[in-house]
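Have the sequence and the 3D view at hand as you read.

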Amino acid sequence: MTSDAGRPTSFLEVWRPGGVEVVLLAGPSMTIGREEGNGIVLDHDGQVSSLHAVLQSYGAGWAIRDLGSTNGTVVAGERLIAERALRHGDAIHVGATRLVFRGAASRAAPTKAPRKAPELTRRERDVLVALCRPLFSGAVFTEPATARAVAAELVVSEAAVKQHLLRLYDKFELDPTSTRRRVELANAALQRGAVTPAELT
């Protein structure tokens, strides 16, 4: 896809309730929010702030920055704590809405819908929420909660939490040899909608 001047363009896939809308990115910046006047208006999503985030062009690419929104902005499973450069294929979650960034040089087809979260028990959801909560604390370089911290929040034994985590690793089909399964589980839970930003703030 190219602009009228023949230059490659970047765009966002905006996953609305009625389907996927393709929005071309133009100009030096484009805001995202719930109110009219934003470059990308997400008035269907009550979890989106009036002025939620801004996309900024830097010539060679685009970056995104959260504008102090209530529920935060998540890129590739990580909550934004500063401006972040976007890469082709990055999944962005603004409130409950999913967007996918398509870089200027890409000719790839739109992505498929993300896989749905597996069926979870109520306690497994509680464990996931407690696991992910530190990611939305606003602290820099935060990792998901430890099994001990999850146990303390839920007032259960650490052994019970570890058993739930093992089942969750299986349900989300995570690599059993990975040494960062807690991080991968938290990212997968956010990306697949098992946990929403609104539950963590």
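## Overall picture

Two residues are in contact when they have heavy atoms within 4.5 Å of each other. With that in mind, take the contacts in the protein between residues at least 6 apart in sequence: 45% of them join residues at least 24 apart. The model you are looking at is a predicted one.

The protein has four helices and 11 strands. Of its 201 residues, 43% are buried. Its accessible surface comes to about 10500 Å², and carbon and sulfur atoms account for 52% of that area.

## Helix α1 against helix α2

Let's look at a pair of helices: α1 covers residues 122-132 and α2 covers residues 147-154. Their axes lie 9 Å apart, and the two helices pack at an angle of about 120 degrees. Angles from 65 to 115 degrees count as roughly perpendicular and those over 145 as roughly antiparallel, so α1 is oblique to α2. The crossing of α1 past α2 is right-handed.

Which residues make the contact? On the α1 side they are R123, D126, V127, A130 and L131, and α2 supplies V150, E153 and L154. Sorted by class, the residues of this contact of α1 with α2 are five nonpolar and three charged, with no polar ones.

## Helix α1 against helix α3

Helix α1 also packs with α3, which spans residues 158-171. Here the angle is about 95 degrees, and the axes are 10 Å apart. The two helices, α1 and α3, are therefore roughly perpendicular to each other.

From α1, the residues R123, E124, V127 and L128 take part, and they meet H164, L165, R167, L168 and K171 of α3. The contact of α1 with α3 has four nonpolar residues, one polar residue and four charged residues.

## A loop residue: D43

Now for a stop away from the helices. Where does D43 sit? You will find D43 in the loop between strands β4 (40-41) and β5 (53-57).

Setting aside its neighbours within four places in sequence, D43 is in contact with R34 and E36. For G33, the C-alpha to C-alpha distance to D43 is 7.6 Å, with the two residues 10 apart in sequence.

Conventions: Residues numbered from 1 in each chain as written. Predicted model: local features only at pLDDT ≥ 70, side-chain atom pairs only at ≥ 80, totals over all residues. Heavy atoms only, no water. Buried < 20%, exposed > 50% of the residue type's maximum accessible area, 1.4 Å probe, protein only. Areas by Shrake-Rupley, 256 points an atom, 1.4 Å probe, with all protein chains shown as cover. Axes fitted to C-alpha atoms, helices over the stretch in contact; angles between N-to-C directions. Parallel < 35°, antiparallel > 145°, perpendicular 65-115°, else oblique. Left-handed = near helix turned anticlockwise from the far one by under 90°. Nonpolar A, V, L, I, M, F, W, Y, C, P; charged D, E, K, R; others polar.
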